[in-house]
Amino acid sequence: MAHLTENPADKERFLCVYPVYINSKKTLAEGRRIPTEKAVENPSCAEIRDVLTAAGMNVYVENKMHPREWNRDVQFRGRVRVQLKQTDGSLCQDKFRSRKDVMFYVAEMIPKLKTRTQKSGGSDSSAQQGDGGKKSKKKKK
């Protein structure tokens with residue numbers, strides 16, 4: 001059956017972006033769609049929405065679950081819908097030609113969000129110290 005509407009500006013035709021798609025903690029089998037090195041650790045719907053809104057895209061959030069998301073927690077809930085094309089079929093923005101473009105852009109921008117830069121600052125340094133400690137213990141043996 002064809003879509004209810006062929007108009008790309010209609011909400012049903014917006015593309016779906018689930019946080020799972022760009023989550024570095026997920027495997028491909030669990031629904032990740034981009035390479036781990038480009039993905040983000042546990043992204044939220046709000047972060048995806050903020051990044052795309054800031055990029056000037058037409059976005060809205062739905063309270064939906066990804067079918068392979070086993071965790072029913074609120075933070076894993078949600079799906080972001082993005083308008084990729086206008087009514088005449090032309091792209092809303094040239095830099096977003098496909099759903100992959102949108103995913104890569106979002107994954108690149110989320111770590112730069114203010115909410116992320118403040119939180120990750122402390123955790124990154126502590127993680128590095130932990131790794132360093134483990135390495136030196138191996139050498140002593």
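## Cysteines, rings and a loop

Q: Hi! Is Cys92 buried or partly exposed?
A: Cys92 counts as partly exposed, at 25% relative accessibility. Keep in mind that this is a predicted model.

Q: Okay, and Cys45, buried or exposed?
A: Cys45 is buried, with a relative accessibility of 8%.

Q: Why is the Tyr18 and Tyr21 pair put in its class?
A: Their ring planes are at 75°, so the pair counts as edge-to-face. The centres of the two rings are 5.5 Å apart.

Q: And are those two buried or exposed?
A: Tyr18 is buried at 9% relative accessibility, and Tyr21 is buried at 6%.

Q: What about Phe96, which residue does its ring pair with?
A: Phe96 pairs with Tyr105. That pair is edge-to-face, with 5.0 Å centre to centre and 75° between the planes. Phe96 has a relative accessibility of 1% and counts as buried, and Tyr105 is also buried, at 18%.

Q: Back to Tyr21: which charged end sits over its ring?
A: That would be Arg33, whose charged end is 3.9 Å from the centre of the Tyr21 ring. Elsewhere, the charged end of Lys38 sits over the ring of Phe104, 4.7 Å from the ring centre.

Q: New topic, Asn23. Where is it placed?
A: Asn23 is in the loop that runs between strand E1 (15–17) and helix H1 (45–54).

Q: Is Asn23 buried or exposed, then?
A: Buried: its relative accessible area is 3%.

Q: What is Asn23 in contact with, leaving aside neighbours within four places in sequence?
A: Asn23 is in contact with Arg32, Ala39, Val40, Glu41, Asn42 and Pro43.

Q: Asn42 is on that list. What is its phi?
A: Phi of Asn42 is near 40°, a positive value in a residue other than glycine. As background, most residues other than glycine have a negative phi.

Q: Where does Asn42 lie, and is it buried or partly exposed?
A: Asn42 lies in the loop between E1 and H1. It is partly exposed, with a relative accessible area of 33%, whereas its contact Asn23 is buried.

How values were computed: Residues are numbered from 1 along each chain as its sequence is written. This is a predicted model: local features need pLDDT of at least 70, side-chain atom pairs count only at pLDDT 80 or more; totals for chains, interfaces and linings use all residues. Side-chain values use heavy atoms; hydrogens and water are left out. Helices (H or I, at least four residues) and strands (E, at least two) are DSSP runs, numbered from the N terminus. Buried means under 20% relative accessible area, exposed over 50%, partly exposed in between (1.4 Å probe, protein chains only). Contact means heavy atoms within 4.5 Å. Rings of Phe, Tyr and Trp (its six-membered ring) pair if their centres lie within 6.5 Å; planes under 30 degrees apart count as stacked, over 60 as edge-to-face and the rest as tilted. A charge sits over a ring if NZ of Lys or CZ of Arg is within 6 Å of the ring centre and within 35 degrees of the ring normal.
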